[in-house]
Amino acid sequence: MSEPQIKICGLSTPEAIDAAVAARATHIGLVHYEPSPRHVTLQQAAALRARVPVEMKVVLLLVDTQPQALVEAVQAVRPDVIQFHGREAPEWLSLVRQYSRGLALWKAVGVSDAGSLERAQRYRDAADMVLYDAPAKKLPGGQGLAFDWSLLGGFKHEMPWGLAGGLGPDNVAEAIRLTGAPLVDASTGLESAPGIKDMAKIAAFCRAALDA
């Protein structure tokens, strides 16, 4: 099995970007969603994006964004990937794809049972990747909760996928071993307080994922 790709999400400071780069993450996640403690403005996101080396991918996380706001966000930040983390339908992603010119599209899906995995495959022709996450509560992610990873055992994925929800330095190796996840995504599990990334945890998470 090749090394997993690693996304560190919810970064909001230059120091956190630099820590993720030094730890050999493959993807940087920027959250543009005001209710989130990890929210960054488009101006902040663009400045952080400029700090990321060209070999790393920048993922802009959006939630149920209206078309004009989506266009403005992409133009301001120029991400490599848009991660849709709301209730966006496959038809909406297909429409975005027609106008996104080379942008990768990811869709986060909350997993509560095996049926959630089956339903997620509806995005196979609309998204480049589906990201399995814990079910949404007050916020559609960033809650530090894991779902039952055993649901992924033997599941036949019809599209590229990644694993999110409740991952941290202490459990990411086990998660990779149990699920074979080709990409792991962490945010809350790498914080000292909501929205405040812990540089040592970022380093430990990447080390554990790469060693798995």
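Helices (H or I, at least four residues) and strands (E, at least two) are DSSP runs, numbered from the N terminus. The model is predicted: local features need pLDDT of at least 70, side-chain atom pairs count only at pLDDT 80 or more, and totals for chains, interfaces and linings use all residues. Residues are numbered from 1 along each chain as its sequence is written, and side-chain values use heavy atoms, with hydrogens and water left out.

**Exercise 1. Loop residues**

Task: Then treat D64 and T65 in turn.

Solution. 
- Step 1. The phi angle of R24 is near 75 degrees, a positive value in a residue other than glycine.
- Step 2. D64 is found in the loop between β3 (57-62) and α3 (67-77). Its phi is near 45 degrees, which is again positive in a residue other than glycine. D64 has 40% relative accessibility and so counts as partly exposed.
- Step 3. T65 is also placed in the loop between β3 and α3, but counts as buried because its relative accessibility is 17%. Leaving aside neighbours within four places in sequence, T65 is in contact (heavy atoms within 4.5 Å) with L70 and W92.

**Exercise 2. A helix-helix packing**

Task: Describe how α2 and α3 cross, and which residues make the contact.

Solution. 
- Step 1. Two packed helices are described by the angle between their axes and the distance between the axes.
- Step 2. Axes are lines fitted to C-alpha atoms, for helices over the stretch in contact, with angles from 0 to 180 degrees between N-to-C directions. The axes of α2 (residues 42-49) and α3 come within 8 Å and cross at roughly 35 degrees.
- Step 3. From α2, the contact involves L42, A45, A46 and R49; from α3, E72, A73, A76 and V77.

**Exercise 3. An aromatic pair**

Task: State how many aromatic pairs the structure holds, and what geometry the rings of Y132 and W161 have.

Solution. 
- Step 1. Rings of Phe, Tyr and Trp (its six-membered ring) pair if their centres lie within 6.5 Å; planes under 30 degrees apart count as stacked, over 60 as edge-to-face and the rest as tilted.
- Step 2. The structure holds one such pair. The ring centres of Y132 and W161 are 5.7 Å apart and the planes stand at 45 degrees, so the pair is tilted.
- Step 3. The pair links distant parts of the chain, 29 residues apart: Y132 belongs to strand β6 (residues 129-133) and W161 to strand β7 (residues 161-163).
- Step 4. Both Y132 and W161 are buried.

**Exercise 4. Surroundings of R97**

Task: Identify the helix that holds R97, and the residues that R97 touches.

Solution. 
- Step 1. R97 lies in α4 (residues 90-100). At 31% relative accessibility, R97 counts as partly exposed.
- Step 2. Not counting residues up to four places away in sequence, R97 touches L105, D125, A126, A127 and D128.
- Step 3. R97 and D128 are 31 residues apart in sequence, and their C-alpha atoms are 9.9 Å apart in space.

Notes
Buried < 20%, exposed > 50% of the residue type's maximum accessible area, 1.4 Å probe, protein only.
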